[in-house]
Protein chains: 4
Amino acid sequence: MATRNYVTRREYDAWIAECAALAIACRYPIQAEMINDNTGLVFGDDQYEAFVNGMWSREPYEVFAIFQALNEPAIQGLPEGGLEWAQFGGLCDKLMIVHPGKFCSPHLHWRKTEFYEVVLGEMELYYASDILEDKRLQVTKKGLVSSHPMPKGERRPSGVRLPKGREHTYDKLTEYRRLGVGEPKFVMHRKHLHAFGCPPDAKTPVVIREGSAYSHEPTATGKASILSNWQGIHDNGFLLEGLDEGRLKNHIRES
Amino acid sequence: MATRNYVTRREYDAWIAECAALAIACRYPIQAEMINDNTGLVFGDDQYEAFVNGMWSREPYEVFAIFQALNEPAIQGLPEGGLEWAQFGGLCDKLMIVHPGKFCSPHLHWRKTEFYEVVLGEMELYYASDILEDKRLQVTKKGLVSSHPMPKGERRPSGVRLPKGREHTYDKLTEYRRLGVGEPKFVMHRKHLHAFGCPPDAKTPVVIREGSAYSHEPTATGKASILSNWQGIHDNGFLLEGLDEGRLKNHIRES
Amino acid sequence: MATRNYVTRREYDAWIAECAALAIACRYPIQAEMINDNTGLVFGDDQYEAFVNGMWSREPYEVFAIFQALNEPAIQGLPEGGLEWAQFGGLCDKLMIVHPGKFCSPHLHWRKTEFYEVVLGEMELYYASDILEDKRLQVTKKGLVSSHPMPKGERRPSGVRLPKGREHTYDKLTEYRRLGVGEPKFVMHRKHLHAFGCPPDAKTPVVIREGSAYSHEPTATGKASILSNWQGIHDNGFLLEGLDEGRLKNHIRES
Amino acid sequence: MATRNYVTRREYDAWIAECAALAIACRYPIQAEMINDNTGLVFGDDQYEAFVNGMWSREPYEVFAIFQALNEPAIQGLPEGGLEWAQFGGLCDKLMIVHPGKFCSPHLHWRKTEFYEVVLGEMELYYASDILEDKRLQVTKKGLVSSHPMPKGERRPSGVRLPKGREHTYDKLTEYRRLGVGEPKFVMHRKHLHAFGCPPDAKTPVVIREGSAYSHEPTATGKASILSNWQGIHDNGFLLEGLDEGRLKNHIRES
């Protein structure tokens, strides 16, 4: 049973301030409006337990920070006929910071293709190298372009400590890669399951630049979208039920 | 009259090696295959004149370097109905290095929206804040989505030294911005005219990260595209005629 | 009255791990042995109060971290006649990280001249531009080389929040400077009083490279010195009595 | 026979501007006054041959650049009795940039102890691990403190291409080390022979921070020293005769 289902204002602000400082040290162009109550992501009520021992406990929880510098629909100047498909395009740029031992929960995006560039530390990537049909997530391969599949990864090392009680949600992500600084950018295609984490014994959080198509996120920034019919879109499909709703608002306890 | 219509192998290799070292110092993930005979761009035969006094002469010429880390069509997993419009999407990531006084020639992309992040130095940006109809470039506003226009810029400072004999090609790019390190990313929409340069008195070349939709370039990399019907596409429309062809192959003189 | 005279193991380790990650992001060559129970400095028992609200509370306390990469007596190859004076020479190199609102306590070194290079953020420097005679600290100007005095600073801004109950110890440090990234290195001469801090509203801790003569520190590293007659030397003279002893060992509460 | 005993103004300025840009990209605090006609070092008339094919030819020549940020005698506040020995102390901080294949010529300093931190690329270090007696250089071990010797290195790889006609000057530097980014700082003691270079196949010049005691250099900056009796000191002893004089002034051909 979890002993916590909230983060205190002090804990949250310290966590995000630490991440923002690290982002600035890594030369990412952080703006004031990128630091807010949606910058930190906690994947479900039971993951607030991470704050009992704090971000540097190296314990496995699904929690990390995103600084989003750009989310551009890129519809300006598009022929009107293309508007229907523009949800699969657009441009987004963000910096993600995962503390040692922490994870991003297994998920896919129906529309968004993305790629990673590791800026500091090492990224442990878990993914499925093909599109897996899934009834609940409404993924079917029929009618989809199948141009170039994902490259295979390595076998996951045996010692990896996955988030407690959630180990099974990583089962379908059979491919494992360790990405480092200076390596080629790694593309994660839409509709492919993926998760990632930072090695628990790392000296630094892993800092990752993510470039992608437009990010249909159920957050404050997403809601400000200019395209009224895009506003209801949640493009994140999590393997664990209920996560997307859980992410809509952090439980930050003031005082 | 130009005294040069070529660059020597030694000059070219020294220029690109210098830029690659600067890119690595700026932590861009340079790979061996990103350094080749298309990395340097010379915009027309008469611009080889730039090599008489070299990259550090601070003289105005249209010549700079691009290190392209990724050019991803992003069609994998797309519903087949969207394939027709995928040319307007996709993901590209590159680093551009412009020496003091040098420029990228005025142009637009019919399909590609892009954005800039200055990594080192200062970027002088020249652009048109609206889509300008142009018969030769076959740009018409009819039938285009007009969602959010470009922000206005400042008035161009009077002292700017534009490339000789090409000053008129900058006339329609009435907006001017100076972008620096740490500032918000700046979006340049498709079909909007733009050019950029590095201040001639700068202490460093300007180093710019460009994120964008797929880059339909008439270069070796572009030709390797997996989509056979994309291979003929040149998405660069230059205001000065003949430039795109001129860029297809650098005139490198092997001593 | 202080509510705390210790730091917990978890708090201490999280603080130092955060600083080490920031140091690595700033490209300082951190080695495993530079991370230990003397890396964090707490200037007196009452300053543990800083940990009640944590490093990001922006409250004024005297506490910061030092990563020491080198402390070299530089006596190898010295003519024996110079050995007597070698305590004033040698080479030390360290990285100092001060969180927003935090300070290094007013002090001087009898032997050590040092200089600062700001790597990230802004450094608020407080100092006396001349050697001030002081009976308790046994500083007298008689018999000293007086070659070039310190440059004057600005007047201290009125709003600065100094550590509570210690404001008076900053009185003699009448000169104030704000040092930033890219500025010339600033020399602090031996026997000159100085203190420094990070602006409380800063987005990042201030990260400072300090180069100096040999650092005669009463810490584990200092005690390992090869020069047996140097081992008793404490070269830090604090204006507030008792501080040097207080720094000998952090009160880290295991549990 | 050499075909060149000068560097043109354009070649010199381009070389130093390139190095300054790289230094700034590596976050070293370059100031305008650090860029001058003594920033580039050419070790002897025959080494101007390096400019025939340029800095990126990867050919072995003894030529590199130094940006000196600080040279502080550190005598302020010193007891007068120590003044006699202060020449062995003081503080200097510089950034050195060596292009692929280029070298710093074998030499020693009678007074100056120094240490290296590699900032970019790899440094090939050649040295003698003990003080070698040398009549011409007036080095004798008698009367010297011998506290801790230099660590041994590896055997020099067989393929190293040393500067033509100067290979023999590297004979006594039997120890070889390859130093990289993030590694511990490496101390080079006074009176120990050393030289260094950048691997000819490197992707970047090697960029090295050097901290040291006061640098008694026969350059413009050195001459501005406040200590009149220090002004005649040349603390660089080269194994190849005539080098120090050759370094006093670069042969830059204006026109």
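Helix α1 of chain B passes α1(D) in a right-handed crossing, meaning that the near helix is turned clockwise from the far one by less than a right angle. This is a predicted model, in which local features need pLDDT of at least 70 and side-chain atom pairs count only at 80 or more, while totals for chains, interfaces and linings use all residues. Side-chain values rest on heavy atoms, without hydrogens or water, residues are numbered from 1 along each chain as written, and chains are lettered from A and ligands numbered from 1 in written order.

Both helices span residues 9–25, and their axes come within 9 Å and cross at roughly 15°. Helices here are DSSP runs of H or I with at least four residues; axes are lines fitted to C-alpha atoms over the stretch in contact, with angles from 0 to 180 degrees between N-to-C directions. The pair is therefore roughly parallel (angles under 35 degrees). Where they touch (heavy atoms within 4.5 Å), Glu18(B), Ala21(B), Leu22(B) and Ala25(B) meet Glu18(D), Ala21(D), Leu22(D) and Ala25(D). That makes six nonpolar residues, no polar ones and two charged, with Ala and Leu counted as nonpolar and Glu as charged.

Over at the A–B interface, 48 residues of chain A are in contact with 48 of chain B. The two chains bury about 4,200 Å² between them, 63% of it on carbon and sulfur atoms (accessible area lost on being put together, 1.4 Å probe, summed over both). On the chain A side, Gln76(A), Trp85(A) and Val145(A) lose the most area, together 19% of what that side buries. Four salt bridges are counted between these chains (a side-chain nitrogen of Lys or Arg within 4 Å of a carboxyl oxygen of Asp or Glu). Asp93(B) forms a salt bridge with Lys185(A), with the closest N and O atoms 3.1 Å apart.

Terms used:
Helix = DSSP H or I, 4+ residues; strand = E, 2+ residues; numbered from the N terminus. Parallel < 35°, antiparallel > 145°, perpendicular 65-115°, else oblique.
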